[in-house]
Amino acid sequence: MVDQLPNRGRELEMLREMGFESMEALFADIPAEVRFKGDLPLPEPQSEEEIISDARRLLGANLALGQRPSFLGAGLYRNYVPASVFQLVTRGEFLTAYTPYQPEVSQGMLQAMWEFQTLVSELVGLPIANLSLYDGSTAAAEALTCAVRVHNRKASQPNTVYISALTPPDKRSVMFNYCQGAEIEIRTIDHLADGSLDLESLAEAAGSCGVYLEQPNPLGVLDENLVRVKEIIGEHTALIVGVQPVSLGVVEAPGHYGADIVVGEGQPLGSPVTGGGPLYGIFACSQPYLRLMPGRIVGRSIDVDGNEAYCLTLSTREQHIRRHRATSNICTNETLIALMGAMHMALLGPDGLRVLAERNLQACQAAKEALQATPGVTLVHDAAHFNEFAIAVPGNAAACLAFLDANGITGGFDLSRWYPEHDDRILVTTTDQTSSADIAALAAQLALWSTHLEVKA
Amino acid sequence: MSHLFDHHGAENTGYSQPQGLSTTGQATVPKGLLRKNPARWPRLSEPEMVRHYTWLSKRNFGIDTGFYPLGSCTMKHNPRVNEVIAQLPGIADIHPHLPEHHLQGLLSIYYEMQHMLEICAGMDQVTLQPVAGAQGEFTAVRCIQEYFRLRGEDQRTKVIVPDSAHGTNPASAAMAGFEIVEIPSREDGRIDLDALAAVADDTTAAMMITNPNTLGLFEADISAASAIVHEAGGQMYYDGANFNAILGITSPGLMGFDAVHFNLHKTFSQPHGGGGPGSGPIGVKAHLAPFLPGPLAARRTPTAEERIQAVDEHWYHWIEPEHSIGKVQQWHGNAGAVIRCWAYYRRYGNGLTTMSEHAVLNANYLRHAIHREAKRIGVDHLFVDGAETEVAKHEFTLSMQPAKEALGISAMDVAKGLLDRGYMAPTVYFPLVVPECMMIEPTETESKDTLDTFAKHFVEVLTVEPEVLHEAPVTTPVRRVDEVYAARNLCLRHPFDDA
């Protein structure tokens, strides 16, 4: 700790100059009855070398996804972040800055975020994007409350939103927490046996404030029905689409089929999985939502000499100005991770994104073909998929995953954790990082699992 | 100027990728879903991309660039080993849904961080899930809300905040569905116990307050305030934004609080990243613990089989609180930030008290030095303390009102003058209770020499001709930015040619 405190050894000199004789004098205003007695019951300070050694030991006990074949995704996608992104994002000028309250000395981050807004806007096909929310789940939750703020007055179902019944419970829980304060009711829309949206069920959502759907959906299904949603729900109900941003290299941008708000987990563009955070939430919308949307926004302006300059704008929506009437409480966001996203997008370009999306599609297709041919395994949805797909296995999914784990494979996600009615289903996730050998290993072990069960029977 | 969207390289100039696993990718996408027009992204080669972002970085000011006395934000040095640790595959490449036996390292660090924060805050249970301070506030008031609902006290619909509170306090409570009751501060900037007693009743769910308060003053009456709120049956919520001042000296628990959030990006040095990411864990007393978002890290004695994979004598696992409010983020919070802050805490260990002592020492010293230098050159009549006090804590406020009245020099003018001298400006116009406010927080990682030099520059700004100062800054990448123009001529993205 000594190396972090430049004034160690100069305490008394500084105190005396102020007319004090001890450090204690600086704390004389804290009443005795609330003072800590004795020392903090914590370990001794460590040096940098001891800390990194402990970190290597403890973090080394975690299983990194790249250590062996892994098919665990379910909302987070293992990717490759180009080296230049890490090198640039740890530049101290970016890393150690804070919210650009003084635009004259923050032009770098402001311009980078304005460019990020443009990149996201183009990606999803909507004119406006903010400079990130916390993650995909909070972006989805904030989209629901935003939709209610915009549409509540004209809605025949006020304070009501609809979400896909497939929405993972953890995400639904975030939505509930964000919505309950405004007394917003969250109802669900069903899906058909092939995983596509039930458009008849959707009809009930017309006249509500908003509809939240994902493309690809939480089970990886690319759903053509989504392009028909906007005409069914009408102009006074917001269509909110959650995306895996990489898919938009090949899949149509939701803004081009009627989405009013597009949200998503930005992670696959620019950020490692990182145990689930920090990530960044994408939030983009069309004009009618602009003044009631959450989060920070950068605008291009001019300085007093008329030169191009950037600054935060539309701040009157925000908590530091509007206080309890703010559109959101968000202050600290995920700017640095969004910057990583911008760098990755810039490096990919439109062709690179298409190639990346293709690689994801190809890995998914290869895995589907291999598992379709694996005895005992069935694919749950006869549909097109991106990144992931549900399979049914003989016996119990949890036991099957434990078997795969013991045999050196991280097999996927036990779908009974989302949908307790199915205890034999696994969500198998592939990404651009999945290899043919990984897929072959999974297929071989799943075949063994089937045999293993037959032998036991 | 370097503009990202001016780069129109040939196709595939960007990042080169390996061959895919087959050739059937796009063919699997339903025809009606195929993207018709690609995003109009730029085309850059790596050297162009690296140069663009390096150029941008040089137009940005961070702690590494120079002194960053931004009040309330605790802009301390960010130790670099923390960045190295956060990029180890054992954190960067792990999935939160991995089984517990593959996450023993993460779980043990989560447990250690929960435990350390519980000790420092005097709380019984901490969750690391909230990803920012404001989200921590929201999470805690949600827990308080469910606590009262379970007790059948649904009539507790109001949250009390002082007028000097951070904007996030009322915003977070309102988001959870509470009505906000704002109480005025006293003339001296402290909490007005009479005003509090007048509003605290059986409709009060909680009071949200930070201590030291936003003026950098310790609220000596805090125990009395807690007693008033508790007497009315409400809960006391501690906004941990200013925790850097009191670590190891006092704690929210000792002051009578029931819940607290931490800003790990302030106190525990997660880099602020130009606006985030942060991490905003909360700690609560036992009666609120059943309502926390799950999962929480817990530990027990390992079985014989588990002992092989254990990282120490314990087996770490997740638990779900009984009446959990559910989740506020889909995963386990900002794990990467938690790891960095763990590395930071390990550096201080039981010496965290020294960190806070030096933060307070530096703030008081800088306040002293600014007054000293002002007297020396005869500008001490141009500003006053934002609140009268013998000692400040980790930050202090100055009011530029006298300069405004005498010379027409505003707090913003002084801020811009400081930019010209190579500093980040202090926080201006907050808290709102101080006219022409400048809020200054040096943190413990600045040397005495830096503080002395800054003090000289600060008062020197007040000697500049007002007309000249109104023109500041002149040495920065751009000059004063027209925020009104930005709001009236909204340009939120590159216009391309069509717009």
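Student: Is the crossing of helix 2 of chain A and helix 11 of chain B left-handed or right-handed?
Tutor: A crossing is right-handed if the near helix is turned clockwise from the far one by less than a right angle, left-handed if anticlockwise. Helix 2 of chain A and helix 11 of chain B cross in the right-handed sense. This is a predicted model: local features need pLDDT of at least 70, side-chain atom pairs 80 or more, while totals for chains, interfaces and linings use all residues. Residues count from 1 along each chain as written, chains are lettered from A and ligands numbered from 1 as written, and side-chain values use heavy atoms, without hydrogens and water.

Student: At what angle do helix 2 of chain A and helix 11 of chain B pack?
Tutor: Two packed helices are described by the angle and the distance between their axes. Here the angle is about 140°, and the axes are 10 Å apart.

Student: Which residues of helix 2 of chain A meet helix 11 of chain B?
Tutor: Glu48(A), Ile51(A), Asp54(A), Ala55(A), Leu58(A) and Leu59(A). Their partners are Ile339(B), Trp342(B), Ala343(B), Arg346(B) and Arg347(B). Contact means heavy atoms within 4.5 Å.

Student: Is Arg346(B) buried or exposed?
Tutor: Arg346(B) is buried, at 12% relative accessible area (buried is under 20%, exposed over 50%). Arg346(B) lies in helix 11, residues 335–348 of chain B. Beyond four places in sequence, its contacts include Glu44(A), Pro45(A), Gln46(A) and Glu112(B).

Conventions. Helix = DSSP H or I, 4+ residues; strand = E, 2+ residues; numbered from the N terminus. Buried < 20%, exposed > 50% of the residue type's maximum accessible area, 1.4 Å probe, protein only. Axes fitted to C-alpha atoms, helices over the stretch in contact; angles between N-to-C directions.
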